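This report describes a structure for a reader who is meeting it for the first time. It begins with the terms, and then takes up the chains and their contacts.

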Amino acid sequence: MNRFAMSAAVLMLTITSTAAFAQTGVSPRNTVLVSGFGYANYIDPSEGPSNFAVGLNPVFLWQAQNDLFFEAELEFELEDGVTNTALEYAQAWWVAGNSLTFGAGKFLNPTNIFAERYHPTWINKLPNGPLGFTAHGGVQLTNTAHTGVQARGGIPIASGKFTYAVFLANGPAIHTEVLKAGPAKSGDPAAGAVGTLDFNGTEDNNDNKLVGGRFAVLPWSSLEIGYGFEAAKIGDMDSEFADVGTTTNSVDLIFNRDVNAIRGHLDIRGQYVNVAVDNPGIAPLDFDNNSSAWYSQLSYRPSKSGSPLVASFEGVFRYEELDLPEGAPVNADMTRLSFGLNRWFSPSTVFKLAYQKKTTRDEVEEDEDTVVTCQFAMGF
Amino acid sequence: MNRKPMKQVLPTVAVLVVLAILAVTLLAGCAAGPSQVSKSGPQLWGENCARCHNVRPPASLNDAEWDLALMHMRTRAGLTTSETEKVGTFLKAAN
């Protein structure tokens, strides 16, 4: 989006919000709620030492007026002997109408369904996130959060619903240095490999803003199918890569419902994402830079078994693939198979036991590693 | 700047075609069943919250806390203002 169009959009948003704030004026609520989640992990990989780990993510919710709201999530994580902190999101919301809400700040990426909806450990049914969709474990293809503005809402259609989210954000940069270090969180040098997107910057590297959106249809309450896209220039301003752009397309699916025939609750989740980066014909980005990742997850809980003990258990299966460009300096495709068994103590307190087998393939070799993870997670 | 090779364009086209077919099919499916706007608070609470996570009991928060929690969740779940109010009314009556 060019500078004029963006300025016009920001100006319109400012004018409409100022008018609305003036109307709502009185009856401040000033209520605050601290929510969030915490977890403790024991991780035993087939290669390398086993480890205990812990994390805490407090979520702060503050409502100033009926239609004005602020939310923020912090992350505290022990890693390499220090406590890492991160601002996962922090944004102000203004409810402009029945089907329209504006947000501004740092927000979870609406096109990355795992990040936006499932990242809390008491919601995620396995101890970690899928490859390509988080900063953990290899190359991250789609951002977990953006800094910018968004508009979103839901529109009832007969017995179903249509939901939308559109946003403008700073957008990612691109790694152009062969030996550039990866994100501190990842611990995987491939995450910072040349040609991959750099989501670590909090400031934009050019005047072009990322444009994105997600549109979803819910024909029935138990089924949601969404399509998301993002487009942006990602090269540094005034560099030889200034015109390099990227386009992301994704499809996601959520299906869950009680199924009497199997006396329990069935939950299916999945997403596919494709990231295409322009080939400028200039080294080191002169290769077909087209990456994709997808996962599908199935879980079953015998909630209608008649036994409270049996009903408190849940089985989980997830399959993931991460495909990187063939001509890229780092081309380590990955697949991962996960099996999990969860024991629920309350709706937001769970003990998870998971076995995961990851296969990494590059042009010369194939490597397999397994990991067993125990996680105790609580939402509050 | 080189033009995008077919390898890059084809997945996008394929995704868009599949989505268009799905959208038409699913929108047709919307015509069946009770109207979305006529759904009750308990029904909306069960359907929307359980789509992503286990449903927390109404007694887990007080009235003011539910107001905040609902503002937090309405954007993620795509709830309208009227749907949010229905769910809030139910939760406050039941907690």
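Helices (H or I, at least four residues) and strands (E, at least two) are DSSP runs, numbered from the N terminus. With helices taken in that sense, helix 3 of chain B is followed by Gly78(B), whose phi is positive, near 70°.

This is a predicted model, in which local features need pLDDT of at least 70 and side-chain atom pairs count only at pLDDT 80 or more, whereas totals for chains, interfaces and linings use all residues. Residues are numbered from 1 along each chain as its sequence is written, chains are lettered from A and ligands numbered from 1 in the order in which they are written, and side-chain values use heavy atoms, with hydrogens and water left out.

**Helices of chain B**

Helix 3 of chain B covers residues 63-77, which makes 15 residues, and spans 20 Å from its first C-alpha to its last, close to the 21 Å expected at 1.5 Å a residue; the expected span is 1.5 Å times one less than the number of residues. At the start of this helix, a side-chain oxygen of Asn62(B) comes to within 3.2 Å of the backbone nitrogen of Ala64(B). A residue is called buried under 20% relative accessible area, exposed over 50%, and partly exposed in between (1.4 Å probe, protein chains only). Because 11 of the 15 residues of helix 3 of chain B are buried, this helix is largely enclosed by the rest of the structure; among the buried residues are Trp66(B), Leu68(B), Met71(B), His72(B) and Arg76(B).

In helix 2 of chain B (residues 41-49), the buried residues are Gly41(B), Leu44(B), Trp45(B), Glu47(B) and Asn48(B). These buried residues of helix 2 pack against helix 3 and helix 4 (81-94) of chain B.

**Where the two chains meet**

With contact taken as heavy atoms within 4.5 Å, 72 residues of chain A are in contact with 48 residues of chain B. The size of an interface is often given as the accessible area lost when the parts come together. Chain A and chain B bury about 4,900 Å² between them, 59% of it on carbon and sulfur atoms, where buried area is the accessible area (1.4 Å probe) that two parts lose on being put together, summed over both.

A salt bridge is a side-chain nitrogen of Lys or Arg within 4 Å of a carboxyl oxygen of Asp or Glu. Two salt bridges are counted between chain A and chain B, and one of them may be picked out: Glu83(B) pairs with Lys161(A), the closest N and O atoms being 2.5 Å apart. Strand 13 of chain A (residues 264-277) gives the most to the side of chain A that touches chain B, with six residues.

**Inside chain A**

Chain A has three helices and 18 strands, and 52% of its 380 residues count as buried. Two of its polar residues can be described through polar contacts, each a pair of N or O atoms within 3.5 Å, where within protein one must be able to donate a hydrogen and the other to accept it, and residues adjacent in sequence count only if both atoms are side-chain atoms. Asn274(A) is in strand 13 of chain A and counts as buried at 4% relative accessibility; its side chain is joined to that of Asn290(A) by a polar contact of 3.2 Å. Gln150(A), found in strand 6 (residues 145-157) of chain A, counts as buried at 3% relative accessibility, and its side chain makes a polar contact of 3.1 Å with the side chain of Gln91(A).

| Residues | N to O distance |
|---|---|
| Asp252(A) and Arg214(A) | 2.7 Å |
| Lys304(A) and Asp258(A) | 4.0 Å |
| Glu366(A) and Arg361(A) | 3.1 Å |

Lys304(A) lies in the loop between strand 14 (289-301) and helix 3 (308-311) of chain A and Asp258(A) in strand 12 of chain A, so the pair ties together parts that are 46 residues apart in sequence. Lys304(A) is partly exposed at 37% relative accessibility, and Asp258(A) is partly exposed at 38%. Asp252(A), by contrast, counts as buried at 2% relative accessibility, and Arg214(A) counts as buried at 5%. Arg117(A), Arg214(A), Glu224(A) and Asp252(A) are linked in a network of salt bridges.
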